Amino acid sequence: MNTTLERKEVKESANVEHQNDQRSVKISVRDLDLFYGENQALYQVSLDIREKEVTALIGPSGCGKSTFLRTLNRMNDLIDSVRINGDIHINGNNIYQSKDVIELRTKVGMVFQKPNLFPMSIYDNVAYGPRMQGIKNKKELNKIVEESLRGAAIWDEVKDRLKTSALGLSGGQQQRVCIARAIAMKPDVILMDEPTSALDPISTLKVEELIAHLKKDYTIVIVTHNMQQAARVSDKTAFFLNGEVIEFEQTDQIFSMPKDSRTEDYVTGRFG
Amino acid sequence: MRKFKDNLLLGLLWFGAFLTVAILLIIVGYIFYKGIGLINLDFIFGDYSPVGGGGIWPMIITTIYTIVISLVIATPVGILAAVYLQEYAKQGKLVRMIRFATESLTGIPSIIYGLFGAVFFVTTLAMGMSIISASLTLTIIVLPVIIRTTEEALKTVPASYREGSLALGSTKLQTLYKVILPSAMPGILSGIILSMGRIIGESAAIFLTAGTVAAMPEGIFSSARTLTVHSYLVTQESGDIELAAAIGIVLIVMILALNFAATFISKKLNKADY
C-alpha cells in the first residue's frame, strides 16, 4: 500500500548521498537482520542498489556477503533455520511479503560460484527456464536460446554443438552458458556469487568483459573475493565485515580514499 | 618386515577376491555341467507333464507374472516414498523412524513375509493361493529395497543442480521431474534390478502364497508355480538334480538378460537427455 511512499523516501535519502546519481533505485534493503538458528549472520544491512549498475560486495570469508546476495532472490529459503527481519524491496515490491518466490526468481537471476549446468544439452540448459515458464513453441525457444547465448558472448563457440552435452564444455564456457541460462529468463537483476573463482585467468577476463557488457541491460550484484575484479567491473562497492556493511560507496572512492579505517585495511590487503 | 606385512595383506586381499570369483564360477559351472543336457526348446517352451519329460513354460510365465506385477506396484510406490522422505519430509524423528523401519524390513527373513501374505492376502482378503497374493507379498519384500536405493540415488544428486533449477524460477516439482529424478535414474534403476533379482530368487514366500499348481496360470487369481518353487519341488520330490540344475540355468540366464536390459534402458534414458 505505502510502498510507493517508501520508495520515494528511499530515493530521496539515496539522492542526498549521491547528488549526481540519476539512476533509479532497483533494490532497496532496509535494516536487514539474518539469523542461522541462533547465530546472527547479518546486522542491520541497509543499502540501495541502482538500476543498470554493477554493485560489488567484498569482504573476508564468512563476512555475510554471499548470505546477503542470497536474500535477494530468497535462496536462503532453502535452509530451514534461516530467519530474516527487515525489508527488501525490488522494483518497489517487498519480496519477503509477497508469497510468490517463483515470480521473484524469474526476475532475479543467479550465477553460482561453480558452473552448475544440468546434465543436458547446451540447448536444453538455456531453454530450461523458459520451458518451465510454459514456453513450448520451438521457434520462440530457438530465438531465446540464440539471443541468450549471444548475450553471454558464447554463441560462436557453441552454435555448432547446441545438442551436445553441456558438461563437455570447458569451465569458463560452462560459466558463460550459466549466464546465458540466467538471461534467457529476461531478468531485471543478475546476482553473481563469485562467478570467476573456479575459472582460469583468461576465462575470468572473458566473464568480466561480459559483465561490463551486460550492465547495459541488467542490474548486476556480484560477490567477489578478488579486489582487482571489484575495482575493474563495479560501479559501487559494499564492504562487508562480520555481517555488517562497513562502507558502501562509489568503487573508485572505496579503493582510493575509503572513509573507514577497516575498509582501508582490507582493500590494501592488511587482512582478509 | 614392513614389506612382508604389505605382501601378506596383498595376498589376503587377492585370496579373498579369488575365492569369491572361484565360488561363483564353481557353482555356475556345476549347474551348467549338470543341467545343460536337458536344455532344449521343448524343455523351455513345452508344457509341464507330471509323468516327466515335460517343459517349464508355465513356470517361466508365472515367474514373469510375479516380476511384472510386483514391480508395477513397488516401483512407483517406492520412488514416491523415497522422494517424500528425501526431498519433502522435515528431517526429524519421524523420518528417522521410517528409515529405521525400512532398513529393518530388508533384514526380515522372507518366510516371515510369506506367513504374513498367507494370512493377510490369501485368507483375510480372500485372494486365495494365487499369483496376485504372491506378487503383493513380493511387493512388500522389495519395497524397502527400492526406497533405500532411490534415497541413496537422490542423495548423490548435487545440491547445485537443485539450486540452479530453483534459481531459474522453477517450482520444486519441476525441479524434481526435470533435473533431480533424471540425474538419479541410474541409481534408481539399479535398485529395480536388485529387486528383480530378489523376486526371481524368492521361493519360500511364494510357496506359501501362490501354491504349487504346476500348470499354465489362467490369470493372476490362479494358483501357480514359479521357477524357484519348481526347482525346489523337483529336487524334493524326485531328487532330480539334473532337472533342478536345468531350471537353474534358465534362472541365471533370465537374471542376466534382465540386468542387460536394464543397463541398456538406463543408457538409452541418459542419452535421451543429450
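Over the ring of which residue does the charged end of A:Lys163 sit? In this predicted model, the ring is that of A:Tyr123, and the charged end lies 4.0 Å from the ring centre. A further contact of this kind involves A:Arg181, which lies over the face of A:Phe118 at 4.5 Å from the ring centre.

**Aromatic pairs**

Over all chains, a search of the whole structure finds 10 aromatic pairs. One of them is formed by A:Phe118 and B:Tyr161, an edge-to-face arrangement with 6.3 Å from centre to centre and 85° between the planes. This pair joins two chains, because A:Phe118 lies in the loop between β6 (108-111) and α4 (122-132) of chain A, while B:Tyr161 belongs to helix α7 (residues 159-167) of chain B. Both A:Phe118 and B:Tyr161 are buried. 

A second pair, A:Phe239 with A:Tyr266, is stacked, with 5.0 Å between the centres and 25° between the planes. Here A:Phe239 is in strand β9 (residues 236-241) of chain A and A:Tyr266 in helix α11 (residues 261-267) of chain A, so the pair ties together parts that are 27 residues apart in sequence. A:Phe239 and A:Tyr266 are buried.

A:Phe118 also takes part in a cluster, in which ring pairs link A:Phe118, A:Tyr128 and B:Tyr161.

**Salt bridges**

The whole structure contains 23 salt bridges over all chains. Three of them are listed here.

| Salt bridge | N to O distance |
|---|---|
| A:Lys26 and A:Asp188 | 3.7 Å |
| A:Asp193 and A:Arg70 | 3.8 Å |
| B:Lys155 and B:Glu152 | 3.4 Å |

The salt bridge of A:Lys26 with A:Asp188 has its closest N and O atoms 3.7 Å apart. It links distant parts of the chain, with A:Lys26 in strand β1 of chain A and A:Asp188 in the loop between α7 (171-183) and β7 (189-193) of chain A, 162 residues apart. What is the burial state of A:Lys26? A relative accessible area of 9% falls under the 20% cut-off, so A:Lys26 is buried. A:Asp188, at 22% relative accessibility, counts as partly exposed.

The side chains of A:Asp193 and A:Arg70 also meet in a salt bridge, at 3.8 Å from N to O. Since A:Asp193 lies in strand β7 of chain A and A:Arg70 in helix α2 (residues 65-71) of chain A, the pair ties together parts that are 123 residues apart in sequence. Both A:Asp193 and A:Arg70 are buried.

In chain B, the side chains of B:Lys155 and B:Glu152 meet at 3.4 Å, N to O. These two residues lie within helix α6 (residues 131-155) of chain B, three residues apart, or about one turn of the helix. An α-helix has 3.6 residues a turn, so residues three or four places apart point the same way. B:Lys155 counts as partly exposed at 47% relative accessibility, and B:Glu152 counts as partly exposed at 35%. Both belong to a network of salt bridges that links B:Arg99, B:Glu103, B:Arg148, B:Glu151, B:Glu152 and B:Lys155.

**Strands of chain A**

Strand β1 (residues 25-36) of chain A is joined by eight bridges to strand β4 (residues 82-90) of chain A, and the two run antiparallel. Within this pairing, A:Phe35 has A:Arg83 in β4(A) as its bridge partner. β4(A) also pairs in the antiparallel sense with strand β5 (residues 93-94) of chain A, over two bridges. There, the bridge partner of A:His89 is A:Asn94 in β5(A). β4(A) and β5(A) form a hairpin with two residues between them, and A:Asn91 in the turn has a positive phi of about 55°.

**Helix α10 of chain B**

How far apart are the end C-alpha atoms of helix α10 (residues 227-238) of chain B? They are 16 Å apart, which agrees with the 16 Å that its 12 residues should span at 1.5 Å a residue. The buried residues of α10(B) are B:Leu227, B:Thr228, B:Val229, B:His230, B:Ser231, B:Leu233 and B:Val234. After α10(B) comes B:Gly239, whose phi is positive, near 65°.

**Cysteines**

The structure holds zero disulfides over all chains. A:Cys63 is buried, at a relative accessible area of 2%, and A:Cys178 is buried at 3%.

Terms used:
Residues numbered from 1 in each chain as written. Chains lettered and ligands numbered in written order. Predicted model: local features only at pLDDT ≥ 70, side-chain atom pairs only at ≥ 80, totals over all residues. Heavy atoms only, no water. Disulfide = S-S within 2.5 Å. Buried < 20%, exposed > 50% of the residue type's maximum accessible area, 1.4 Å probe, protein only. Pairing = 2+ DSSP bridges. Helix = DSSP H or I, 4+ residues; strand = E, 2+ residues; numbered from the N terminus. Expected span 1.5 Å × (residues − 1). Salt bridge = Lys/Arg side-chain N within 4 Å of Asp/Glu carboxyl O. Phe/Tyr/Trp six-rings, centres within 6.5 Å; stacked < 30°, edge-to-face > 60°. Lys NZ or Arg CZ within 6 Å of the ring centre and 35° of its normal.
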